[in-house]
Amino acid sequence: SKIHLAVDANGMPVRILVTAGTTADCTQAIALIDGFTAECLLADRGYDTNSLIDSAKFSGMQIVIPPKRNRKEQREYDEYLYRLRHLVENAFLHLKRWRGIATRYAKNTASFVAAVQIRCIVLWANLLA
C-alpha cells in the first residue's frame with residue numbers, strides 16, 4: 001500500500017489516498033487537489049504533468065513544481081516557495097512514527113487506511129489541544 005497525501009499551509013493532512021504500492025504519485029494528484037481552493041500547489045518534480053498543471057491553473061492555483069528535465073519548454077517556478085514543500089515530507093514523517101504505518105503492518109487495505117486516518121486525527125487533536 002502507498003499513501004498519497006495533501007497537506008494545508010501548516011503541514012497538516014487534509015486528504016489521504018491509499019493505493020497499491022506500484023501506483024505512480026502523479027496519477028493520484030488531481031484526485032488529491034479536487035475541490036480544494038489554494039493559492040499555490042507545491043509538489044516535487046514527479047508531479048510535473050500537463051493534466052495536473054492544467055487542473056491546478058483552472059482552480060486558480062500558482063504552480064510551484066520544478067519542471068522535469070525532459071520538458072521541451074522549461075517552466076519557471078518560485079524556488080523560495082518550493083522550500084516550503086518540506087511540510088509535506090514532515091507530515092509523512094509524523095504518520096510514519098507509528099510503526100504500523102511505517103511497516104505497513106495491516107494485512108488488508110481497510111485496516112491500513114484506518115490506521116492512517118487515526119494517526120491524522122491524532123495529529124489534528126494535538127494541534128487543537
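The questions and answers below go through a predicted model of one protein chain.

Q: How many helices and strands does the chain have, and what pattern does the chain follow along the sequence?
A: The chain contains 6 helices and 4 strands. Read along the sequence, these elements give the pattern β-β-α-β-α-β-α-α-α-α.

Q: Why is the chain described as being as compact as a globular protein of its length?
A: For 129 residues the globule rule gives 14 Å. The chain is close to that value, so it is as compact as a globular protein of that length, with a radius of gyration of 15 Å.

Q: What does the C-alpha trace span along its principal axes, and what percentage of the residues is buried?
A: Along the principal axes, the C-alpha trace spans about 45 × 35 × 25 Å. A residue counts as buried when its relative accessible area is under 20%. Of the 129 residues in the chain, the buried share is 32%.

Q: Is Arg-85 buried or exposed, and which residues is Arg-85 in contact with, leaving aside neighbours within four places in sequence?
A: Arg-85 sits in the loop between helix 3 (79-82) and helix 4 (86-96). Its relative accessibility is 16%, and the limit for buried is under 20%, so Arg-85 counts as buried. Leaving aside neighbours within four places in sequence, the contacts of Arg-85 are Leu-42, Ala-43 and Asp-44.

Q: Why is the ring pair of Tyr-77 and Tyr-82 given the class it has?
A: A pair of aromatic rings is described by the distance of the centres and the angle of the planes. The count for the chain comes to 1 aromatic pair. In Tyr-77 and Tyr-82 the ring centres are 5.8 Å apart and the planes lie at 75 degrees, so the pair is edge-to-face.

Q: Where is Thr-37, and how far is Thr-37 from Arg-97 in space?
A: Thr-37 is in the loop between helix 1 (29-33) and strand 3 (40-42). With a relative accessible area of 75%, Thr-37 is exposed. Thr-37 and Arg-97 are 60 residues apart in sequence, and from C-alpha to C-alpha their distance in space is 29 Å.

Q: What separates the C-alpha atoms of Ala-110 and Val-18?
A: Ala-110 is found in helix 6, and at 59% relative accessibility Ala-110 counts as exposed. Along the chain, Ala-110 and Val-18 are 92 residues apart. The separation of their C-alpha atoms is 9.4 Å.

Definitions and conventions: Residues are numbered from 1 along each chain as its sequence is written. This is a predicted model: local features need pLDDT of at least 70, side-chain atom pairs count only at pLDDT 80 or more; totals for chains, interfaces and linings use all residues. Side-chain values use heavy atoms; hydrogens and water are left out. Helices (H or I, at least four residues) and strands (E, at least two) are DSSP runs, numbered from the N terminus. The radius of gyration is taken over C-alpha atoms; the globule rule is 2.2 Å times the number of residues to the power 0.38. Buried means under 20% relative accessible area, exposed over 50%, partly exposed in between (1.4 Å probe, protein chains only). Contact means heavy atoms within 4.5 Å. Rings of Phe, Tyr and Trp (its six-membered ring) pair if their centres lie within 6.5 Å; planes under 30 degrees apart count as stacked, over 60 as edge-to-face and the rest as tilted.
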